[in-house]
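Welcome! Please take a moment to look over the sequence and the model shown here before reading on.

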Amino acid sequence: MEQPSTRTPRGKARRVPPVPRPATPAAQGAAAGLRRPRGGPDAPGLRGLGRLPAPRLTGLGSGLLTTVWMLGTGWLDSRAGGSPAFYGICFLLAGTVCALWVRPADLATAPVAAPIAFAVGAVPLVDAGGGAGSRVMGLVTLLSLNAGWLYAGTLLTALVALGRRIALVRRRKQARLRRLQRQRPSRPPRSPRCSPAQQARSRR
């Protein structure tokens with residue numbers, strides 16, 4: 001007695017729906033952006049603030065800016081009678097701005113340019129009477145009397161530059177880790193056509 005065949009004709013083969021591909025990171029980011037509320041961190045006002053250009057000067061440019069700043073401060077201080085506190089506070093501000101505005105590649109130049117700007121800016125505070133030798137001696141005396149402001153401003157400039165350097169290194173490490181995570185190959189999905197028996201056979 002013949003048994004009915006269980007084979008499926010080729011023309012009537014069962015079609016298996018294709019496996020949907022995983023969404024790309026760009027599509028996921030676009031979908032997440034559409035779901036963000038209007039008052040979130042990417043609001044138009046905050047994005048406008050983030051697009052403001054940050055000044056990034058070279059080491060020479062930041063040094064010249066600090067020198068001109070201190071030279072103008074010294075001239076104003078000489079006109080006002082000469083106040084060491086006013087000159088010292090302006091030097092602290094100038095050193096901080098110099099360390100914040102210099103580009104990351106020239107961070108080491110900020111602590112060097114600060115004391116030079118302090119010395120150049122103190123020239124208008126020296127008494128103009130006498131020759132060149134007396135003016136040099138007056139400048140040395142003025143710098144020695146205001147050594148506290150000089151050391152404090154130079155140390156503050158170095159600390160700000162060091163803080164920026166540490167933050168830059170951490171940001172680069174985080175970006176490198178994200179890049180490595182994106183480059184890892186994802187596990188391919190299992191085909192639904194593979195039966196449990198074939199999966200067990202492939203595992204052996």
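**Ground rules.** This is a predicted model, in which local features need pLDDT of at least 70 and side-chain atom pairs count only at pLDDT 80 or more, while totals for chains, interfaces and linings use all residues. Residues are numbered from 1 along each chain as its sequence is written, and side-chain values use heavy atoms, with hydrogens and water left out.

**The overall picture.** The protein chain has eight helices and zero strands. Helices (H or I, at least four residues) and strands (E, at least two) are DSSP runs, numbered from the N terminus. Read from that end, the order of elements is α-α-α-α-α-α-α-α. Of the 204 residues in the protein chain, 20% are buried; buried means under 20% relative accessible area, exposed over 50%, and partly exposed in between (1.4 Å probe, protein chains only). Among contacts with a separation of 6 or more, 72% come from residues 24 or more positions apart. Contact here means heavy atoms within 4.5 Å.

**How α5 meets α4.** The axes of α4 and α5 come within 10 Å and cross at roughly 150°. Such axes are lines fitted to C-alpha atoms, for helices over the stretch in contact, and angles run from 0 to 180 degrees between N-to-C directions. The two helices α4 and α5 are therefore roughly antiparallel to each other (angles under 35 degrees count as roughly parallel, over 145 as roughly antiparallel, 65 to 115 as roughly perpendicular and the rest as oblique). The crossing of α4 with α5 is right-handed, a term used if the near helix is turned clockwise from the far one by less than a right angle, with anticlockwise being left-handed. On the α4 side, the contact is made by Y87, F91, C98 and A99, and on the α5 side by A110, A114, P115, A117, F118 and G121. By class, the residues of this contact are nine nonpolar, one polar and no charged. In this scheme Ala, Val, Leu, Ile, Met, Phe, Trp, Tyr, Cys and Pro count as nonpolar, Asp, Glu, Lys and Arg as charged, and the others, Gly among them, as polar.

**How α5 meets α3.** Helix α3 (residues 59-79) and α5 have axes that come within 8 Å and cross at roughly 30°, and they are therefore roughly parallel. This crossing of α3 and α5 is right-handed. From α3 the contact takes G63, T66, T67, M70, L71 and G74, and from α5 A113, A117, V120 and G121. The contact of α3 with α5 has five nonpolar, five polar and no charged residues.

**The aromatic rings.** There are two aromatic pairs in the structure. Rings of Phe, Tyr and Trp (its six-membered ring) pair if their centres lie within 6.5 Å; planes under 30 degrees apart count as stacked, over 60 as edge-to-face and the rest as tilted.

| Pair | Centres apart | Plane angle | Type |
|---|---|---|---|
| Y87 and F118 | 5.1 Å | 65° | edge-to-face |
| F91 and F118 | 4.7 Å | 70° | edge-to-face |

Y87 in helix α4 (residues 84-101) and F118 in helix α5 (residues 110-121) are 31 residues apart. F91 lies in α4 too, and its pair with F118 ties together parts that are 27 residues apart in sequence. Y87 and F118 are both buried, and F91 is buried as well. Together, Y87, F91 and F118 form one aromatic cluster.

**A buried threonine.** T157 sits in helix α7 (residues 147-183). T157 is buried, with a relative accessible area of 0%. Apart from neighbours within four places in sequence, T157 is in contact with G95, T96, A99, A110, P111 and A114.
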